[in-house]
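Please look through the sequence and the 3D structure shown here before reading on. The report is meant to be read with both in view.

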Amino acid sequence: MSWLKKIFKGSSSTISQGDHQEKIGDNDDGVCNEPTNSRPRERPDHAIALSLSEEELKKQICTGTESNVDEDEKLARALQKRLNTKSRPPKRRETPRICAGCENEIGHDRFIRLMGALWHTKCVNCYACGQPLIGNSIYRYEDRPYHESCCRNLYHPKCDVCKEFVPTKTNGEPDYMELPIWKFKSCPSHEDDGTHRCFSCSRSEPHGENYSRLDDRVMICLECLDSSIMDVDECQPLYQDIQKFFKGLNMEVDKEIPLRLVESGVLSKGYPLPKIVLGLCREKKQTVESPKFKRPKISILILKGLPRIVAGLILAHEMMHGWLRLNGCPHGKLDPYVEEGISVVMSYMWLENEMMSGTDSYVASPSSSSSSNPYIKGPRSQFERKLGEFWKCKMENQVCPIYGDGFRMGYAAVLKYGLKSVLEHMKSEGSFPR
């Protein structure tokens, strides 16, 4: 594992005995050299210095004024004084050595140099399990010593599908797929080994769990299933909320657009497999007369079983297509980048508004029936908030040119000029203003 550094193998080590006069070796990782405790020997230059001092003293005595003192006695005293002051080298003050493990002074204890620091041998223990490391291979992670197995268990990622350690690349780095927001990790092999994936949150089915099958192509995880909308009656409160959202933007839809919840086969007809379409705004050829212009007969279809937060953003997207049709932009008039881009913008804006609206949300009522309102106000769950964040991130980072680049161009235009000006420019010029 290149992200782990194997720094020391204890079986080939030697341990040093501490001493304050020891000279520490230069190696960053390894064992210090054995210290010496012998006294320093007198150097030749020191003896020469003493001889020269004696000659100087003789000259000083010969020129002195104290004639009544014996010359030999004065010479002996001077030499003795000089020897007393110069024969002993000054004592050096040693910096105390601190153990990186216990942070106490090492003193004369046995120690080892490891990871650029000094350690008591008794302090070289695995940071995870606390067991001694001397005599074992030592692995370093974030400047802490570990057994290889302990470090792997703590820091090497595990697959959330098969629960095994993810494989490694040729350079030793972990190799896995990770979903944003969820932090869901999976081995690359699960991408094409038949592992089921939730069509709503995109998480793969962990071993030992059973996703629900909505139809022959669509699987859904149990958490997404908790808030899924299965029929039109359940969807009506959400549909009315989105109509109010459009009205708040001065984009009221003055015509009731029929809504249907259908299986994936109906929506994906004509699209290449295994594409799963989540919603459509369908326009029929026949029209009805209007005082201003012929208004198309349109309907909205969305996939049955979508969780509420996902059903809402798909409804907002398809309702934008419907608004364009009802306001003089028939299918084909606008470039796909423009029409799909502004539809994703409306979906994104609704989701932002929904996530910022506090804790109120619709949750299923256990006492509801098909003849009454199937939703009541209640706190938004942590899962629903994460699901909303996941879809925001998904729209922001969409790589498809039409839906991704179209959204980013449209959203930038709305931020710069405002939604009303962008829509007017689209109707007159067929493009986003720059």
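## The chain as a whole

The model discussed here is a predicted one. The secondary structure of the protein chain comes to 11 helices and 15 strands, and of its 434 residues, 41% are buried.

## Helices α7 and α9

Two packed helices are described by the angle between their axes and by the distance between those axes. For helix α7 (residues 308–326) and helix α9 (residues 382–396), the angle is about 35° and the axes are 9 Å apart. On the α7 side the meeting residues are Arg-308, Ile-309, Val-310 and Leu-313, while α9 contributes Glu-384, Leu-387, Gly-388 and Trp-391. Sorted by class, this contact of α7 with α9 has 5 nonpolar, 1 polar and 2 charged residues.

Several residues of α9 are buried, among them Phe-383, Glu-384, Leu-387, Gly-388 and Trp-391.

## The nonpolar cores

The largest nonpolar core holds 80 residues, and those that touch the most other members are Ile-302, Leu-315, Met-320, Ile-342, Trp-350, Leu-387 and Met-426. Helix α7 gives the most to this core, with 12 residues. A second, separate core has 17 residues, including Cys-99, Ile-112, Cys-123 and Val-124.

Trp-350, named above for the largest core, can be followed through its contacts. Leaving aside residues up to four places away in sequence, Trp-350 touches Leu-238, Ile-242, Phe-245, Ile-309, Gly-312, Leu-313 and Ala-316.

## Two buried residues in helices

Ser-264 lies in helix α6 (residues 264–267), and Ser-264 counts as buried because its relative accessibility is 0%, where buried means under 20%. The side chain of Ser-264 makes a polar contact with the side chain of Asp-215, at 3.0 Å. Apart from residues up to four places away in sequence, Ser-264 touches Asp-215, Asp-216, Arg-217, Val-218 and Leu-303.

Cys-224 is placed in helix α4 (residues 222–225), and with 0% relative accessibility Cys-224 also counts as buried. With residues up to four places away in sequence not counted, Cys-224 touches Cys-198, Ser-200, Cys-201, Pro-307, Phe-383 and Leu-387. Although Cys-224 and Leu-306 are 82 residues apart along the chain, their C-alpha atoms are separated by 7.8 Å.

## Two residues with a positive phi

Most residues other than glycine have a negative phi. Glu-103, which is not a glycine, has a positive phi of about 65°, and Glu-103 lies in the loop between α2 (71–86) and β3 (110–114). Is Glu-103 buried or exposed? At 62% relative accessibility, Glu-103 counts as exposed, because exposed means over 50%.

Lys-183 is not a glycine either, and has a positive phi of about 60°. The place of Lys-183 is in the loop between β7 (177–179) and β8 (184–186), and with a relative accessible area of 54%, Lys-183 is exposed.

Technical notes: Residues numbered from 1 in each chain as written. Predicted model: local features only at pLDDT ≥ 70, side-chain atom pairs only at ≥ 80, totals over all residues. Heavy atoms only, no water. Axes fitted to C-alpha atoms, helices over the stretch in contact; angles between N-to-C directions. Helix = DSSP H or I, 4+ residues; strand = E, 2+ residues; numbered from the N terminus. Contact = heavy atoms within 4.5 Å. Nonpolar A, V, L, I, M, F, W, Y, C, P; charged D, E, K, R; others polar. Buried < 20%, exposed > 50% of the residue type's maximum accessible area, 1.4 Å probe, protein only. Polar contact = N/O pair within 3.5 Å; in protein donor to acceptor, adjacent residues only side chain to side chain. Core = buried A, V, L, I, M, F, W, Y, C linked by side-chain atoms within 4.5 Å.
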